[in-house]
Amino acid sequence: MKARSYMIAIPKNEQDIKDIAGMFKRLSETRGIELLSHKFEETLELELEVDGSKYDVQAAPLELEIPEMYRIQHFFPDVDIEAVENARIGLELNMEFGEDALKSYHAQLKMIHALMPEAVAVIDDSSEKILSGRWVKLAAESSVPPAPRYIYTVQAVSGEEDCVWLHSHGLNRCGLPELEILNSTKETYQSHYNVIETLANRMLEMEEPLEPKEPLFLARMTEEIPMVVTLVEWQEAVEYYPEDMLGGKADREESHNENTCAIFVYAAYEDVEKQNYTPVCVFDEYMEGNPLYMISTEETERMKKLARERLDYMLRAFTDKENKIIVKIGLEVDEEFKDEQNQWEHIWFELLEPMEGRLKCRLTQEPYYVKDMHEGSEGIYPFEQITDWLIFTKERRISADDVYLLDLE
């Protein structure tokens with residue numbers, strides 16, 4: 001069963017929350033949004049159609065109290081931080097996601113931006129994160145959904161010992177279990193975070209939900225060693241660990257005790273049939289290398305569309321010689337490696353020089369499936385082969401997803 005998705009817009013001006021007529025006007029004027037019906041009692045009840053999908057939405061003002069554990073997802077200028085700290089009231093908007101979780105998430109951003117276009121921040125209560133209002137505006141006005149990682153947050157909780165408990169928030173609104181990795185460490189939790197993120201993204205795209213104990217090929221640790229993951233319901237998973245361990249049975253009395261699963265792995269092929277699963281840490285030594293995580297064709301296409309939509313930001317950033325830019329290029333794999341699922345290898349290059357419709361780049365890593373190319377190889381590639389890019393300024397890293405930061409430089 002899906003949980004409802006809750007977001008709260010923090011207005012630049014509190015009076016905007018009282019402007020119901022203005023909200024209706026903006027909804028009716030926003031491209032891609034159609035107001036089908038509405039009624040106003042204690043809350044504003046809306047039936048909206050966004051990009052062809054219908055949603056029943058509730059909106060209402062509420063007093064603000066931001067929990068300390070909520071993650072600040074974006075960089076905020078001082079003026080925005082001050083506005084958030086001083087805010088006393090916000091506009092909550094909640095809805096149930098449709099079948100396509102990423103499309104629904106994008107639709108909710110579009111709704112909240114139409115209702116409150118001058119929001120300084122948006123609290124995504126379901127994923128326990130705080131979004132920049134500038135980012136929300138950029139995402140809402142885009143034809144491409146934001147990265148699926150925005151749907152959820154992965155929290156790393158540590159105690160006095162070395163133990164780290166990783167767990168997600170936000171997937172339940174998609175009809176999926178929250179994901180966990182138990183008994184991680186302060187040295188390995190970043191690598192384990194990559195496992196949760198990759199699995200969450202894959203599960204968001206699956207037509208049928210991944211069932212407990214079902215295997216899923218997630219990554220290639222080396223050319224010979226695959227990582228095959230599976231889900232184990234939390235009630236069973238905690239039995240493998242001490243009761244008083246962080247994230248163990250004793251931590252489940254008040255929270256994290258409903259729709260949540262821990263991630264384990266099948267270390268060998270024969271383990272799948274026997275359902276002989278093992279903690280993720282069995283692959284820790286390989287995660288220090290260059291594991292290749294399996295990104296779906298759908299996600300690659302989304303990244304490619306967004307990178308192309310915002311290519312002008314990257315080209316503008318290149319004119320500042322203090323910036324370094326890397327570009328992910330899709331390379332056609334060698335014939336011996338081709339199959340239906342493996343046509344292109346997407347790999348990082350350093351941008352050397354933009355040209356008319358093309359980029360001159362230098363390869364920054366060894367390919368897996370293109371044997372005649374090696375780290376340091378240079379080439380010229382058309383814009384059509386770009387699937388992602390990153391800008392490294394003196395202050396921060398900027399992706400196609402958060403280019404609003406360039407306007408703050």
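The dialogue below takes up cavities and then cysteines.

Modeller: This is a predicted model, in which local features need pLDDT of at least 70, side-chain atom pairs count only at pLDDT 80 or more, and totals for chains, interfaces and linings use all residues. Residues are numbered from 1 along each chain as its sequence is written, and side-chain values use heavy atoms, with hydrogens and water left out.

Biologist: How many cavities of 30 Å³ or more are there?

Modeller: Rolling a probe the size of a water molecule over the atoms shows where empty space is left. A cavity is a set of points, on a 1 Å grid over the protein atoms alone, where a 1.4 Å probe fits but cannot get out, and its lining residues have an atom within 4 Å of a point. Grid points are joined across faces, edges and corners, and the volume is the space filled by probe spheres set on the points. Here the count is 1 cavity, and the largest cavity holds about 40 Å³.

Biologist: Which residues line the largest cavity?

Modeller: The lining includes Ile112, His113, Met116 and Lys137. With helices taken as DSSP runs (H or I, at least four residues) numbered from the N terminus, α4 (133–140) and α3 (101–115) each supply at least two lining residues, and α4 gives the most, with 3.

Biologist: How many disulfides does a search of the whole structure find?

Modeller: A disulfide is a pair of cysteine sulfur atoms within 2.5 Å, and the search finds 0. For Cys163, the nearest cysteine sulfur, that of Cys281, is 11 Å away.

Conventions: On a 1 Å grid over the protein atoms alone, a cavity is a set of points where a 1.4 Å probe fits but cannot get out, and a pocket is an open set with protein on both sides within 12 Å along at least five of seven lines; lining residues have an atom within 4 Å of a point.
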